[in-house]
Amino acid sequence: MGKALDAEVIVVGGGPAGASTAWALAREGVDVLVLDKAKFPRDKICAEYLSPQASRVLADMNVLDEIESTRPAHLAGMRVRAPNGQTADGEFVANHGFHPFRDYGLAIRRTILDEIVLRGACSAGARVEESVRVTELLTDDSGRVVGVVTLAAGGRNRPLRSRYVVGADGLRSVVGRRLGLVRTSPIWPKRIALVTHYKNVSGVGDLGEMHVDYDGYFGIVDVGGLMNVAVVVPMSRAREIGEGRTEFLEQWIASRPHLVERFVGAERLTPVRATGPFASESRRAWARGATLVGDAADFFDPFTGEGIYAALRGGEMLAPFLADALRRPEREEGRILAGYDAARRREFGGKWKIERIVGMAIAYPYFMNNAAKTLSRRKDMADTLVGVAGDFIPAKVVLNPRFLFTLFISSALKN
């Protein structure tokens, strides 16, 4: 007889990916246990932006009304400034014929969002243990994952057994690394981000802002009264930044006239923290007895603001496959989990291609300048791009060769 299980499924990580997975599994009647090393509410380095379609998942989880009660910012779209100073605005509500779940995206502190979403999972029947760090995976004699080893408060090791383990533990996933599934993408470029919060930044409206420069980019977004401020630069500058994260970010602002005038009288309220390198990917999002979801499986770059929606949607997608695997003989799990991986690639594959195209355009200002020039003249194209980034327009609309040629090349040919 096998050893007693502590849960049918153990989810490592209580952020949006873990919470949505746990919620969907609990709704299927699965005994699910969420483990997180933090004590909630906890902060998370993030752009803190949710696309319009993220609200659909939050509504299904019955937490959207509570999130709205905290007065998050409502975003109408995005503004992009190219290195040459050309600016283009794209909005979610437009004449392209596509309609989002809501007319706006949300921007909200992770200290607020994550606690609410995790409580939603608890309301559905999931169990949660906080301040519990997963350090290793348990495997049987055949190498199949059968649980985790945790380090609880007080330094005590505790094994927990389950039928499946879900790695929802972010960019530096313990689950993914222990299984050898995750690697830094060989596709150049790789970037790191410095993130903080300010108040009293002038001129911030209902558009998220991305200011692309010749050596990185700078983002500003209202997250409900505070401004999430981030600078993203190539990984090659990490040594230059060193421990001087605050000085680096402040110097970035001070050296750019279009930014410095907006920070006159602004006050930084949180420490400048670093995250990255990005461009992490999994060769596949499962192994025997385990799966990956959210940033633990893939995260390319924060420019398009994909992380939270992909986390919520990914957990929602994963749960039915795991529930099916739990009902069937173990010999069928490979087929079932491979089906999850294929579904995930169908769902997100087009967006991954666009993220990489945008990432290369950022790295080569010639293309970003041409794109901004085109988008400033073609509001329809700007709105379409923002709709794809907002997760309600299919990526294939932008991946059309004619669209890409017009975006990056045609304006240059007219000069």
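This is a predicted model: local features need pLDDT of at least 70, side-chain atom pairs count only at pLDDT 80 or more; totals for chains, interfaces and linings use all residues.
Modeller: Residues are numbered from 1 along each chain as its sequence is written, and side-chain values use heavy atoms, with hydrogens and water left out.

Colleague: Which residue of β8 stands opposite Val-34?

Modeller: Strands pair if DSSP finds at least two bridges between them. β2 runs parallel to β8 (residues 127-129), joined by three bridges. β2 also pairs in the parallel sense with β1 (residues 7-12), over four bridges, and there Val-34 faces Val-11. In β8, the residue opposite Val-34 is Val-128.

Colleague: And what is the handedness of the crossover from β1 to β2?

Modeller: The chain leaves β1, passes through helix α1 (residues 16-27) and reaches β2, a β-α-β crossover. To judge it, point the strands away from you: if the path from the first strand over the helix to the second runs clockwise, the crossover is right-handed. This crossover is right-handed.

Colleague: How many residues does the largest nonpolar core have?

Modeller: A nonpolar core is a set of buried Ala, Val, Leu, Ile, Met, Phe, Trp, Tyr and Cys residues joined through side-chain atoms within 4.5 Å. Val-9, Ile-67, Val-117 and Val-148 have the most contacts inside the largest one, and its largest share, 12 residues, comes from helix α9 (residues 307-327). A second, separate core of 41 residues includes Leu-75 and Ile-354. The largest core has 72 residues.

Colleague: Which residues does Val-117 touch, leaving aside its neighbours within four places in sequence?

Modeller: Val-117 is one of the buried residues of helix α4. Contact means heavy atoms within 4.5 Å. On that basis, Val-117 is in contact with Ala-19, Leu-58, Met-61, Val-63, Ile-67 and Leu-312.

Colleague: Why can the side chains of Asp-341 and Arg-344 meet in a salt bridge?

Modeller: A salt bridge is a side-chain nitrogen of Lys or Arg within 4 Å of a carboxyl oxygen of Asp or Glu, and this pair comes to 3.1 Å, N to O. An α-helix has 3.6 residues a turn, so residues three or four places apart point the same way.

Colleague: How many residues apart in the chain are Arg-273 and Asp-43?

Modeller: These two also form a salt bridge, with their closest N and O atoms 3.2 Å apart. Arg-273 is partly exposed at 29%, and Asp-43 is partly exposed at 27%. Arg-273 lies in strand β18 and Asp-43 in the loop between β2 and β3, putting them 230 residues apart.

Key: Buried means under 20% relative accessible area, exposed over 50%, partly exposed in between (1.4 Å probe, protein chains only). Helices (H or I, at least four residues) and strands (E, at least two) are DSSP runs, numbered from the N terminus.
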